[in-house]
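Trainee: Could we go through this model together, starting with its open space and then its core?

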Amino acid sequence: MIRVEKKLWKALWCYGESILITTAILVVGYTLQLLYGCIDYHLFSWPVNGWFGLFVVFFSIIFGAIYKRSRFTLWFSGSNFSICLMGGILLLTLLMGLIPQITDLDSIPDNWISGCGLNRITSSWPFALLYITLLMSLGVLVVRFMIPFKLSKISFCLNHFGLWL
């Protein structure tokens, strides 16, 4: 049996590229975390959350309906990238369970764990970036499978749309 090895960044992207991009999202997230600290969720109140929601919906519609067959869209909404994103979120969720989380912002210790945001995972940049990327990937997937509408795909679309909500 002849085995043909695919070089990285050639043809359709698979697990190698997906792992690298997920790792890059984590690195960018931790860099933002070290530079700016945790995310202040009060910044994302109305009207910012409305504009961001519209951006995610339009991004999903544009890439899921208009660029439905592009290589980027097939990879971005495919299982390889989704599994890697969920693996990154799983890793952060395991860390959240193993490291005590702080809710009182006045008693934050000054150590490397709090510097990386590991004691406030849900308000850390890496978690937010992975979660937003997974949300956009799932939105593109739902739109991609809804157009054209087929009754046989209704359970898949409703299941994934429920996850997206």
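Mentor: Happy to. This is a predicted model, where local features need pLDDT of at least 70, side-chain atom pairs count only at pLDDT 80 or more, and totals for chains, interfaces and linings use all residues. Residues are numbered from 1 along each chain as its sequence is written, and side-chain values use heavy atoms, leaving out hydrogens and water.

Trainee: Which helix gives the most to the lining of the largest pocket?

Mentor: A pocket is an open set of points on a 1 Å grid over the protein atoms alone, where a 1.4 Å probe fits, with protein on both sides within 12 Å along at least five of seven lines; lining residues have an atom within 4 Å of a point. This one holds about 310 Å³, and Met86, Leu134, Leu138, His160 and Leu163 are the closest to its centre among 14 lining residues. Helices (DSSP runs of H or I, at least four residues, numbered from the N terminus) H4 (79-98), H6 (125-146) and H7 (154-164) each give two or more residues. With 6 residues, the top contributor is H6.

Trainee: Is Gln33 buried or exposed?

Mentor: Gln33 sits in helix H1 (residues 15-36). Buried means under 20% relative accessible area, with a 1.4 Å probe and protein chains only. Because its relative accessibility is 1%, Gln33 counts as buried.

Key
Grid points are joined across faces, edges and corners, and a volume is the space filled by probe spheres set on the points. Buried means under 20% relative accessible area, exposed over 50%, partly exposed in between (1.4 Å probe, protein chains only).
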